[in-house]
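Dear colleague,

Please find the structure below, handed over for your work.

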2 protein chains.
Amino acid sequence: MGLIHKILHSRSADDGNFFMRLKGIIGFAPKDLEIYKKAFTHRSINKKDAKGNPVNYERLEFLGDAMLGSIISNHLFNQVPSGDEGYLTKMRSKVVSREHLNELGKDLGLIHLVDSKIPKEHFGENIHGNVFEALVGAIFLDRGYMFCERFVQKKVIKPYVDIEKLEGKILSYKSLLIEWAQKEKKTFLFEVYDDSGNELIKHFAVKLFIDGKIAAKARATSKKKAEERAAKRAYFKLQNKIDAQK
Amino acid sequence: MGLIHKILHSRSADDGNFFMRLKGIIGFAPKDLEIYKKAFTHRSINKKDAKGNPVNYERLEFLGDAMLGSIISNHLFNQVPSGDEGYLTKMRSKVVSREHLNELGKDLGLIHLVDSKIPKEHFGENIHGNVFEALVGAIFLDRGYMFCERFVQKKVIKPYVDIEKLEGKILSYKSLLIEWAQKEKKTFLFEVYDDSGNELIKHFAVKLFIDGKIAAKARATSKKKAEERAAKRAYFKLQNKIDAQK
């Protein structure tokens, strides 16, 4: 095998690997892989295009941030008809807070796709959120607004955007459920196990048993978060019963 | 004619009037007129829906602001491949500045459609921009993102977003053109006439003559703005000639 052939071969194998891992994370097949590669290229790589413009995720971050803002705004607008401009603005800033975006990026394991000269453990927390924003920008460019909106619905809004919790009305679904279980005289148990697999970042998986039956499962980067997420899922499943009790 | 018939009749005549005026401003037929009516309802009207939620343009303003942000971001992202995140953020904030949005709303004459208990002349400058944002939000809800993007392209980006001017590289197209005309020994003349028609806000129209021939026409709420706009139009028409001279 000649050198050029070898390089071409290894490059396309890399692309195939990136494609599969990306598809696993975003849940659909990317069309233009170059856009996504950019979304995971850190400035330390010092890559430039033919015109000398830097190729890294920072510009896509700008675009993704704006797209997230409009998609979340639209969601809140529709979801809370009684909320005025001030309320909607406050809720949006909670959803797209740095902390929240970092959590999202971390849970999706985006850091594993980042191409960088700096060792990954040297990055601060913000890289998770920055790459998440860049990914949203890349999806918008690759597949358009509707597709981007569906991705944000599925990966951000459904698992994370909870109006009542954002409003501070519900501080913890775990405590809400425990309270309910006590009143109803039901047993309540979390089973937590380490579920990191081959991933760099540790993950915890929990099963929530109510009266000995699995009520919900969840997975997150901390035990506390995984429990809260499972409790939230169980809460929505059981909501009618709980509301009836009030 | 019975009273109810009379009311129904006058209401639908009002709707027809609103529909035609709105269509004239936005350049296409609105589908759901109620959304647009909300975009032009001031809080002083104190309108409420069946659930007691206030019906006015403030929530639509929130939505339109976010949509404008994402559309302008996308435009700048594509238009300036060399601009980094900081540059793009700065440019966006110039385009969607309060002053700029007020100018846009004023030039479209949106205030004439506003339903309010407060006399229009008592409003400050910001109502023009606020209603403009609300209108963008209404278009998004009525016709979706792509349509909203086309509207913003046509009414905001094409006539107002000029990267070189935003960057401060070109301070005035008028002075640029005058300089060029002098070098080229061409005559340069603005003809300004009052063109308010029946509108509440005074409008000026200008014709720009270069060497006795009309090079461009424009219309705006001040003489200075109309001249600058005509100069800009002429500049783009003549750009090849001007660049060749450099």
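**Salt bridges**

A network of salt bridges links Asp15(A), Glu34(A) and Lys37(A). Please note that the model is a predicted one. Lys37(A) has a relative accessible area of 16% and is buried, whereas Asp15(A), at 24%, is partly exposed.

A second salt bridge in chain A joins Lys174(A) to Glu227(A), whose closest N and O atoms are 2.7 Å apart. This pair links distant parts of the chain, since Lys174(A) sits in helix α9 (residues 173-183) of chain A and Glu227(A) in helix α10 (residues 223-245) of chain A, 53 residues apart. Glu227(A) counts as buried at 8% relative accessibility, while Lys174(A) is partly exposed with a relative accessible area of 27%.

In chain B, Arg98(B) and Glu133(B) form a salt bridge, the closest N and O atoms being 3.5 Å apart. Arg98(B) lies in helix α5 (residues 98-107) of chain B and Glu133(B) in helix α6 (residues 126-143) of chain B, so parts 35 residues apart in sequence are tied together. Glu133(B) is buried, at a relative accessible area of 5%; Arg98(B), at 32%, is partly exposed. Over all chains, the count comes to 20 salt bridges.

**Helix packing**

In chain A, the axes of helix α3 (residues 58-79) and helix α7 (residues 145-160) come within 10 Å and cross at roughly 70°. The two helices, α3(A) and α7(A), are therefore roughly perpendicular to each other. Residues of α3(A) that make the contact include Met67(A), Leu68(A) and Ile71(A), and those of α7(A) include Tyr145(A), Val152(A) and Val156(A). By class, the contact of α3(A) with α7(A) comprises nine nonpolar, four polar and one charged residues.

**Relation of the two chains**

Chain B can be superposed on chain A with an RMSD of 0.1 Å by a turn of 180° and a shift of 0.0 Å along the axis. This is the relation of a two-fold axis. Which C-alpha of chain B is nearest the axis? That of Ser70(B) is, at 3.1 Å from the axis. As for the interface, 100% of the interface residues of chain B are also interface residues in chain A, so the copies meet through the same surface.

With kind regards

Terms used. Residues numbered from 1 in each chain as written. Chains lettered and ligands numbered in written order. Predicted model: local features only at pLDDT ≥ 70, side-chain atom pairs only at ≥ 80, totals over all residues. Heavy atoms only, no water. Axes fitted to C-alpha atoms, helices over the stretch in contact; angles between N-to-C directions. Helix = DSSP H or I, 4+ residues; strand = E, 2+ residues; numbered from the N terminus. Parallel < 35°, antiparallel > 145°, perpendicular 65-115°, else oblique. Contact = heavy atoms within 4.5 Å. Nonpolar A, V, L, I, M, F, W, Y, C, P; charged D, E, K, R; others polar. Least-squares fit on C-alpha atoms with pLDDT ≥ 70 in both. Salt bridge = Lys/Arg side-chain N within 4 Å of Asp/Glu carboxyl O. Buried < 20%, exposed > 50% of the residue type's maximum accessible area, 1.4 Å probe, protein only.
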